[in-house]
Amino acid sequence: MTHEILTSKPMRDAQTLTRAAFEVPAGACDSHVHVFGPAEPYPHVEHPHYTLPDGNLAQLRRALGVLDIERFVIVQPSFYGTDNRCMLDALDAVGDRARGVAMVTDEVSEEELRAMHARRVRALRLDLFLRAQLPTAELHAYIERSIRRIAPLGWHVQFYTPGWVVRDLIPVLPDLESDFVIDHMGYMLESDGLTRADFDRLLRAVADGRGWFKLSGPYRLAKDGNYARLRPLAQAIVEAVPDRVIWGSDWPHIPEGGRDTGELLNLLADWIPDPIARRKVLADNPARLFGF
């Protein structure tokens, strides 16, 4: 079996980013970024999906500064697997402006989790791409184990998952005893056989339980760049769970480091024209979910 490794492209200069076309609210948060460091102290997993991205903490801070975004959430990338040192060191460097989302093994100890909490980690990322071939019952059991593990800390779980996997989990989502976040608007690709009916079922399951949606990764859904066709999905999400929606840029846009993060932020002007609703998504909701 061949394993294609994507080549990560150089990062776009922050000063070339498109500026916000609307007034960015105070406390605005980019709720989905990744941070990478030098190879020597931060080794990657044995079989990474891409080469080391050009996306360090200094570059991230410059980009968010240009866009007037005060806060951010560093999500552990698959590149580092369950070795969270790069993410944790970045949190230490930034302080209260940032929060973290970790990935861990089943063997992680309570002491390790408490130590990460002290360094401002507030959620677990569950990589269901990695487990996509497991039966749905086994995936459900894995999710429940994860929820029990983090319950004493008040964390939530985030699902990084193919759309067809989350579709099969729809029946169990309303009963999960934790807040949970669906990344990338559900990742329901037509090319994977997903339909608008599947999306509507997911929307109801999230609304009926403790679910949240993340407006992120539009270029992963509209691979042709036609973001306008995502507007009905984004608006349906905001209408269904206005107090449980967050936004993330997915910086540094692996493997396309040259993407314009400002263009992605400005999609919210089209998707959420009401400034009060937009403030919820950018500031109020992430502040509540991550404890800013």
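Two exercises with worked solutions follow.

The model is predicted, so to speak of local features requires pLDDT of at least 70 and side-chain atom pairs count only at pLDDT 80 or more, while totals for chains, interfaces and linings use all residues. Residues are numbered from 1 along each chain as its sequence is written, and side-chain values use heavy atoms, with hydrogens and water left out.

**Exercise 1.** Find the pairing partners of strand S5 (residues 156–160) and follow the chain between them.

*Solution.* 
1. Helices (H or I, at least four residues) and strands (E, at least two) are DSSP runs, numbered from the N terminus.
2. Strands pair if DSSP finds at least two bridges between them. S5 pairs in the parallel sense with S4 (residues 121–127), over 5 bridges, and with S6 (residues 180–182), over 3 bridges.
3. Val157 of S5 is the bridge partner of Leu124, and Val157 also has Phe180 in S6 as a bridge partner.
4. From S5 the chain crosses through helix H5 (residues 163–169) to S6, a right-handed β-α-β crossover: with the strands pointing away from the viewer, the path from the first strand over the helix to the second runs clockwise.

**Exercise 2.** Is Asp250 buried or exposed, and which residues does Asp250 touch?

*Solution.* 
1. Locate Asp250 in the loop between strand S8 (245–247) and helix H9 (261–271).
2. Asp250 has a relative accessible area of 3%, so Asp250 is buried (under 20%; exposed is over 50%, partly exposed in between; 1.4 Å probe, protein chains only).
3. Not counting residues up to four places away in sequence, Asp250 touches His32, His34, His184, Gly217, Tyr219 and Arg220 (heavy atoms within 4.5 Å).
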